[in-house]
Amino acid sequence: MGKRNSKAKPPPKKRMDKLDTVFSCPFCNHGTSVECRIDMKNMIGEASCGICQESFSTTITGICQSPV
């Protein structure tokens, strides 16, 4: 009689690190003044500086959402 084959456990899932939402401004070079927001409903990403009031927005493409 042979032994039963033990089933190997699957490797644990890797956690995705959260992305930074606060950066230093490339225009006024002030640290932690640029705040980023993502509007998933309208698929628009926006970065704006609180010091020099510069802002940039763009459409979001290619975001993959992990199933929950």
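**Pocket, cysteines and a serine**

Modeller: Strand β2 contributes the most to the lining of the largest pocket, with 3 residues. Strands here are DSSP E runs of at least two residues, numbered from the N terminus. This is a predicted model, in which local features need pLDDT of at least 70 and side-chain atom pairs pLDDT 80 or more, while totals for chains, interfaces and linings use all residues. Residues are numbered from 1 along each chain as its sequence is written, and side-chain values use heavy atoms, without hydrogens and water.

Biologist: What makes cysteine 36 partly exposed?

Modeller: Buried means under 20% relative accessible area, exposed over 50%, and partly exposed in between, with a 1.4 Å probe and protein chains only. Cysteine 36 has 27%, and is therefore partly exposed. Cysteine 52, at 29%, is also partly exposed.

Biologist: Why is serine 48 called buried?

Modeller: Its relative accessible area is 17%, so serine 48 is buried. Serine 48 lies in strand β3. Leaving aside residues up to four places away in sequence, serine 48 touches Ser33, Val34, Glu35, Arg37, Glu54 and Ser55, where contact means heavy atoms within 4.5 Å.

Conventions:
Helix = DSSP H or I, 4+ residues; strand = E, 2+ residues; numbered from the N terminus.
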